[in-house]
Amino acid sequence: MGEILRIHGGYRLEGEVSVSGGKNAAAAIIPAAMLALGPCTVENLPDNEDSHVYMEMLRWLGAKVEMGKGVMHIDATTVDRCNPPAELASKMRASYYLVPVLLGLLGRAEVPMPGGCNIGARPIDQTIKGMTSLGAQVRQERGMIIAEAGELVGSDVYLDMPSVGATVNTMLTAVMARGNTVIYNAAKEPHVVDLANFLGSLGASVKGAGTDIIRIRGGRPLHGSSYAIIPDQIETGTLMIAAAATCGDVTITGAIPPHMEALSAKLLEMGVHISEDDDRIRVRANGKLRAVSVKTQAYPGFPTDLQQPMTALLSIASGTSVVNERIFESRFRYVDELLRMGADISMIDSRTAIVNGVEKLTGARITATDLRAGAAMVVAGLIADGVTDIDNFHYIQRGYENLDEKLRSLGAHVERIRVP
Ligand code: EPU
């Protein structure tokens, strides 16, 4: 049995909704918690599939893990296995964050090549460079990453691009290495900063996260801590886009408005009203929205993870929008689904879409081809006339906690239906 998401489109979203903890922050913080020499409590944990997969994987490695509502307790002092099983590791991208962690704890890691969304090639050369610069021997063999190290020693690491994964993996290696590490051209995403703050709460010395240069003094013993994960930037953005798409009036609570600048600027340009408070963002739209051009970039640029729901919104904006994907090579697979709903989108090449705004979309049976494609399908379904059935709802559940419930609370007509 699987599940589809059925949306009766055309209802305006209205009201208040709170955002969950960050998926990609949790993805880095849960394995980082294993480095502590005592129990850690991770709060504001998103209840999504990735969190459950992590729990099973950490238990398999020998850690004591308990999960409650929005919280995970982790005591990894008993970890004695270095090889998480492929059937779990392949379910998510972040499983390779276990490589530096197991390397630091046990001197050896055998981790299956990471899974995650099918959005084009996702090389790991920068991760390997970071870890080898600090003294690890890393090789890829039989679909596994195998890493070994005697002593890890801090070093300068220059990343060719500000990769989130390579920055996280190098940080996790560096806190366990003797001496100083400097990561140049580091990723600046909010979840990288959150990981640095979490490591700080364990007693690590990590400075400069959120800028291009992160300095780590490694080798300190790390103690347990309690830490609350930041709100999810991409869930916040998805809800903002959904509000604008339905000409709604939605206040998103528990958010961090500065994380949303790139999206807010684009929505303002389209004619959406946005007001912000400390941790609240109100999004109001009425009437026709204007087309805009969007180019995805590393933070603080427009996030690639919002490109898909944004394109769904642009499909009904008046005029022609150009959407250019700069981060991943194949992140437009979902466009075919939007075309089935009546959108007018043409691809100039695999990274550039020309979106001619249409009056309306029409409900159809469509498929979520990956997590954020699923978010685009949801936005399209909310806008469309009639009924939209979205297959592969499990992709959406990978990264959004209770999205259907949250949308219902705002007045959307959304239901999950079990299908053979
Ligand atoms: N890259 C390389 N070599 C490397 C690493 C990256 O060439 O060794 C390239 C990639 O091919 C890509 C670019 O650098 O073109 C950026 O990749 P990055 O490493 O930053 O991405 P990631 O760590 O694999 C994380 C998020 C993604 C998000 C990207 C970009 C996690 C678990 N995943 O992926 O999230 O799209 O950063 O912000 O944090 C999602 O949530 O749907 C998602 C895919």
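Residues are numbered from 1 along each chain as its sequence is written, and side-chain values use heavy atoms, with hydrogens and water left out. Because the model is predicted, local features need pLDDT of at least 70 and side-chain atom pairs count only at pLDDT 80 or more, whereas totals for chains, interfaces and linings use all residues.

**Domains**

The domain assignment, whose bounds come from an automatic or database source, gives domain 1 as 2-20 + 231-419 and domain 2 as 23-228. The C-alpha centres of domain 1 and domain 2 lie 30 Å apart. To their contact, which means heavy atoms within 4.5 Å, domain 1 gives 21 residues and domain 2 gives 21 residues.

**Nonpolar cores**

A nonpolar core is a set of buried Ala, Val, Leu, Ile, Met, Phe, Trp, Tyr and Cys residues joined through side-chain atoms within 4.5 Å; buried means under 20% relative accessible area, exposed over 50%, and partly exposed in between, with a 1.4 Å probe and protein chains only. The largest nonpolar core has 75 residues, of which Met171 and Leu199 touch the most other members. Helix α1 (residues 23-33) supplies the largest share of this core, eight residues. Helices (H or I, at least four residues) and strands (E, at least two) are DSSP runs, numbered from the N terminus. Apart from this core lies another, of 72 residues, and among them are Leu5, Ile7, Ala245 and Ile316. When neighbours within four places in sequence are left aside, Leu199 is in contact with Ala32, Met171, Leu172, Val175, Ala204 and Val206.

**The pair α1 and α2**

Two packed helices are described by the angle between their axes and the distance between the axes. Axes are lines fitted to C-alpha atoms, for helices over the stretch in contact, and angles run from 0 to 180 degrees between N-to-C directions. Helix α1 packs with helix α2 (residues 49-61) at an angle of about 10°, and their axes are 10 Å apart. The two helices are therefore roughly parallel to each other, a term for angles under 35 degrees. In this pair, Lys23, Ala26, Ala27, Ile30 and Pro31 of α1 meet Asp50, Tyr54 and Leu58 of α2. The contact residues divide into six nonpolar, no polar and two charged, where Ala, Val, Leu, Ile, Met, Phe, Trp, Tyr, Cys and Pro count as nonpolar, Asp, Glu, Lys and Arg as charged, and the others, Gly among them, as polar.

**Single residues**

Arg139 has its place in strand β7 (residues 137-141), and, not counting residues up to four places away in sequence, Arg139 touches Met144, Ile145, Ile146 and Glu148. Thr251 is found in strand β14 (residues 249-253), where, leaving aside neighbours within four places in sequence, Thr251 is in contact with Gly15, Glu16, Val17, Arg280, Ile281 and Arg282.

| Residue | Relative accessible area | Class |
|---|---|---|
| Arg139 | 34% | partly exposed |
| Thr251 | 12% | buried |
| Asn185 | 28% | partly exposed |
| Cys247 | 26% | partly exposed |

Some backbone details lie in loops. Asn185, in the loop between β10 (179-184) and α7 (190-201), has a positive phi of about 60° although it is not a glycine. Cys247, in the loop between α8 (233-245) and β14, has a positive phi near 55°. The peptide bond from Tyr299 to Pro300 is cis, with omega near 10°, and Pro300 is found in the loop between β17 (294-295) and α10 (307-314).

Methods
Angles under 35 degrees count as roughly parallel, over 145 as roughly antiparallel, 65 to 115 as roughly perpendicular and the rest as oblique.
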